[in-house]
Amino acid sequence: MNVTTTDPRDGRQHPTDLTETDESGVATIAGQASRAAQWLLDRGRLGRAHLLDAIATSLESRRESLVATAEAETGLAPARLGSELTRAAVQFRMFAAVLRDGGYLEAAIDHAADTPIGPGPDLRRMLVPLGPVAVFGASNFPFAFSVAGGDTASALAAGCPTVLKAHPSHPLTSRASADAIESAIVDLGGPDGVIATVYGEQAGRWLVRHPAIRAVALTGSLGAARAIQAAIDERADPVPLYAELSSVNPIVILPGAAAGRAAQIAEGLFASFTGSGGQLCTKPGLAFVPADPGGDDLVDMLRGTVDTAGGMVLLNQRIRDAYESGAAALEKAGAHLAARPSIEAGKGFTVAPTLLEVDLPSLTAEITDECFGPLMVVVRYRDVAELDAALATVPPSLTGSVHSGPGDDTDAVRTLVDILAARCGRIVFDGYPTGVRVSWAQHHGGPWPSTNAVHTSVGATSIRRFLRPLAWQNAPEWILPEELRDGYTAIPRRVDGRLLPGTDHQS
């Protein structure tokens with residue numbers, strides 16, 4: 001079956017020269033990926049670091065055409081797409097740095113020694129690649145969470161060939177991104193199968209059921225995760241699914257913050273919940289605002305900004321329909337309309353941003369459901385003490401945020417942070433959760449349903465998803481990886497219980 005692409009700005013479908021991948025095609029690609037694993041392993045850490053740098057350069061060299069292709073398929077602004085492409089290149093370069101550092105290997109050596117329970121053997125342990133990985137591209141990030149995204153970068157860094165299932169919202173962008181990555185691989189003499197792309201929903205099912213695939217990564221919906229898990233469950237040997245899913249990202253505005261920064265916070269909230277059409281996994285869906293004069297000013301300003309906003313283009317019809325039905329469900333559940341501009345009816349997947357409001361005593365579980373798109377529910381509270389129980393009912397999320405100011409009780413802030421820490425993966429102070437920094441200290445995960453695993457999908461530690469520990473007992477030195485040999489000092493290692501820093505500069 002031929003693959004089509006749709007311009008969400010006008011809703012028109014366009015044919016492409018792509019076809020959905022059939023079962024034999026998926027099997028061929030998975031087999032190539034399995035054979036390509038040895039090439040990645042043979043390159044070693046430094047060789048893979050060089051490859052990741054080359055991929056980043058290749059992506060940047062095609063910036064103009066990649067952004068233009070993505071704009072036509074997503075309706076996202078060129079500035080946003082350009083920034084996202086830069087982020088994608090940064091991710092590849094960051095993982096090159098992770099490889100050169102080598103600490104991610106968790107290398108440990110226990111020399112043979114007498115122990116309180118008898119002679120102990122020589123043991124050496126480090127993390128090794130899982131094998132080929134299947135990655136499902138995200139609809140809302142055509143670069144940074146798709147073919148050229150962090151899952152691909154971290155999997156290749158780990159030494160795992162990567163097979164991408166292209167998202168139907170941007171098949172041409174997926175192919176163009178894969179072409180850029182494959183170009184860098186070919187220039188370094190790489191074989192077929194280091195990276196490949198399949199198209200079509202059924203191809204994704206065949207892919208995760210193929211025995212060559214050793215892990216699956218997804219940024220998407222709960223429904224998509226359940227469908228992929230069902231396919232994995234049909235395997236004779238289960239493999240892990242690392243999924244980033246649903247998140248409402250509550251923000252708490254304390255009275256001191258509302259009194260002192262109402263205009264600033266209103267502006268920041270609007271930008272955060274409407275940026276990229278509200279189609280961000282870290283979009284704040286709930287804002288707890290005090291029912292006092294400062295909070296009234298903040299909400300009035302927010303209403304005014306929303307009422308004068310224009311329409312926003314969503315990525316596809318499914319997201320548009322889910323947004324409209326989700327907003328209607330929240331209103332039916334008791335959240336009343338605070339602001340929604342009138343927009344001119346037109347073609348495509350354009351919607352109006354929506355601000356809903358509810359008093360805290362009327363907050364129900366139904367009102368805390370995520371609505372993907374430019375919608376936020378303002379929850380008005382009268383006493384900070386009311387927030388403890390309310391936050392405990394909000395679904396666990398990727399993030400939780402607290403804005404405080406002069407006069408706010410530090411003990412109350414600490415209590416709120418403790419509650420959020422138990423239910424979120426990242427706590428933001430006096431800021432907004434959108435804009436996820438790519439860095440060593442970043443964590444982009446949280447308790448279910450925000451993610452289904454403890455490992456993050458952004459940041460240096462995301463490489464851990466595609467590695468497994470392997471120990472060598474009484475092994476001759478010649479067969480050991482160089483990172484586990486006695487004379488090797490280039491990376492941090494724990495030797496006989498002591499953590500020793502790396503001493504050699506690596507390039």
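Trainee: What makes arginine 80 a charge that lies over the face of phenylalanine 141?

Mentor: In this predicted model, arginine 80 lies over that face at 4.8 Å from the ring centre. The cut-off for the distance is 6 Å, with a further condition of 35 degrees from the ring normal. The value of 4.8 Å for arginine 80 and phenylalanine 141 belongs to a pair that counts as a charge over a ring.

Trainee: Why is the pair of tyrosine 242 and phenylalanine 466 called edge-to-face?

Mentor: The ring centres of tyrosine 242 and phenylalanine 466 are 6.2 Å apart, and their planes stand at 85 degrees. Rings pair if their centres lie within 6.5 Å, and planes over 60 degrees apart count as edge-to-face. The pair of tyrosine 242 and phenylalanine 466 is therefore edge-to-face. By this rule, the count of aromatic pairs comes to three.

Trainee: Which parts does this pair tie together?

Mentor: Tyrosine 242 lies in strand S11 (residues 241-244), whereas phenylalanine 466 lies in the loop between strand S20 (424-429) and strand S21 (467-473), so the pair ties together parts that are 224 residues apart in sequence. Both tyrosine 242 and phenylalanine 466 are buried.

Trainee: How do you know whether serine 397 is buried or exposed?

Mentor: Buried means under 20% relative accessible area. Serine 397 has 0% relative accessibility, so this residue counts as buried. Serine 397 lies in strand S19 (residues 397-403). Leaving aside neighbours within four places in sequence, its contacts include Asn249, Arg423, Gly446 and Ser450.

Trainee: What does the side chain of serine 397 reach at 3.3 Å?

Mentor: That side chain reaches the backbone nitrogen of valine 248. The cut-off for a polar contact is 3.5 Å, and the value for serine 397 and valine 248 is 3.3 Å.

Trainee: Why is strand S17 (residues 354-359) described as largely enclosed by the rest of the structure?

Mentor: Five of the six residues of strand S17 are buried, so this strand is largely enclosed.

Trainee: How do you know that S17 pairs with strand S15 (residues 336-339) and with strand S18 (residues 375-381)?

Mentor: Pairing needs at least two bridges. S15 and S17 have three bridges and pair in the antiparallel sense; among them, alanine 339 has leucine 355 as its bridge partner in S17. Six bridges join S17 to S18, and these strands run parallel. Aspartate 359 has arginine 380 as its bridge partner in S18.

Note on methods: Residues are numbered from 1 along each chain as its sequence is written. This is a predicted model: local features need pLDDT of at least 70, side-chain atom pairs count only at pLDDT 80 or more; totals for chains, interfaces and linings use all residues. Side-chain values use heavy atoms; hydrogens and water are left out. Helices (H or I, at least four residues) and strands (E, at least two) are DSSP runs, numbered from the N terminus. Buried means under 20% relative accessible area, exposed over 50%, partly exposed in between (1.4 Å probe, protein chains only). A polar contact is a pair of N or O atoms within 3.5 Å; within protein, one must be able to donate a hydrogen and the other to accept it, and residues adjacent in sequence count only if both atoms are side-chain atoms. Contact means heavy atoms within 4.5 Å. Rings of Phe, Tyr and Trp (its six-membered ring) pair if their centres lie within 6.5 Å; planes under 30 degrees apart count as stacked, over 60 as edge-to-face and the rest as tilted.
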